[in-house]
Amino acid sequence: MQFAVAIIYLLAFLSPVHSWIYGFRLCFEEVEGSSQCQGTRSSCSGWSSRPRWTEYYRDDTDGRSGGCTYKWKIEASRPRIGYEYRLCFQETEGSSQCQGTRSSCTGWMTTPGWTAPFRDDTDDRGGGCAYYWKVEQRKNAAVDDKAICRVCFKETEGSSQCQGVRNTCSGWSSAPAWTKPFRDDTDDRGGGCHYSWFLDCIPAGVGMENICPSDTPCS
C-alpha cells in the first residue's frame, strides 16, 4: 500500500503541469549587483494556489558607492474563475532602519488597495532590511471572469536617495514584463524611501489593458 502511494506521488511530481499550480506569482529582480544588495537577487514566489514567499533578499545600502536597482513582475498559470487575489510584503530583519509597516497585504481583487507604506532608511548603522513578497488567493463566487493582473509600485517620500522610476506598473500577466527600474541609494543623508505595492487585476479578454494607465493602477 505504501509503495502504491509513493508511485502516485511520484507520477504527480513528474507530471508536466502539476494540477495544483494555478493562479499568479510575483517575481523580483535586483539588477545592479553591488555588494550592498545581498541574498537572492532574482526569485519568484510560489503560485497563489500554494503561496510561498520569494527567496531571502537583503537591502544593506549605505555610504558605499553603488545602490540596488529593483524590478517586479506578475506571471500567470491557468488562472480560474471564482478566485480573487492579493499581494503581500514582509520585512523580517527588523532593524531600526526598517520603518513603517513591515508586514502588510494589498486589498483583495474585489476591494483593491495598496500595501501599507514601508520606509527604507538603511545607512551605515549595523543591520539591513530583508524583503519578501508573495501572492495569495481565495474563492469568491462573485468573481465570474478570469483575471489578468500586474504589479504596481510607488515610492512616495521622494528624497534624492530614491532614484529611477518612482511610479511604475509591470506588464500584464498575459504578456509578463518587468516594472521600470527603481534605484535605492539610501545612506546617511537625511530622508529615506517609502514603498508600497498594488496588485492590479482586471477581467481577461475584454481589452481593458489597452486603455489602462501604464504607471498607475487601473482597478
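Author: Glu157 is partly exposed, with a relative accessible area of 30%. The cut-offs are simple: buried means under 20% relative accessible area, exposed means over 50%, and partly exposed lies in between (1.4 Å probe, protein chains only). This is a predicted model, where local features need pLDDT of at least 70, side-chain atom pairs count only at pLDDT 80 or more, and totals for chains, interfaces and linings use all residues. Residues are numbered from 1 along each chain as its sequence is written, and side-chain values use heavy atoms, with hydrogens and water left out.

Now the partner. Arg119 is buried, at 16% relative accessible area. Side chains of opposite charge can pair when their charged atoms come close. The term salt bridge needs a side-chain nitrogen of Lys or Arg within 4 Å of a carboxyl oxygen of Asp or Glu. Helices (H or I, at least four residues) and strands (E, at least two) are DSSP runs, numbered from the N terminus.

S12 pairs with strand S14 (residues 182-184) in the antiparallel sense, over 3 bridges. Two strands pair if DSSP finds at least two bridges between them. Cys162 has Asp184 in S14 as its bridge partner. Both strands belong to an open sheet of 5 strands, in the order S3-S1-S5-S14-S12, with antiparallel pairing. Its edge strands are S3 (42-44) and S12 (162-164), and each pairs on one side only. Neighbouring strands are turned by 25 degrees against each other on average, direction ignored. Here axes are lines fitted to C-alpha atoms, for helices over the stretch in contact, and angles run from 0 to 180 degrees between N-to-C directions.

Back to charge. The whole structure holds 16 salt bridges. One of them joins Arg58 and Asp60, at 3.7 Å from N to O. Arg58 is buried at 14%, and Asp60 is buried at 13%. Lys134 and Glu136 form another salt bridge, their closest N and O atoms being 3.2 Å apart. Both of these residues are buried.
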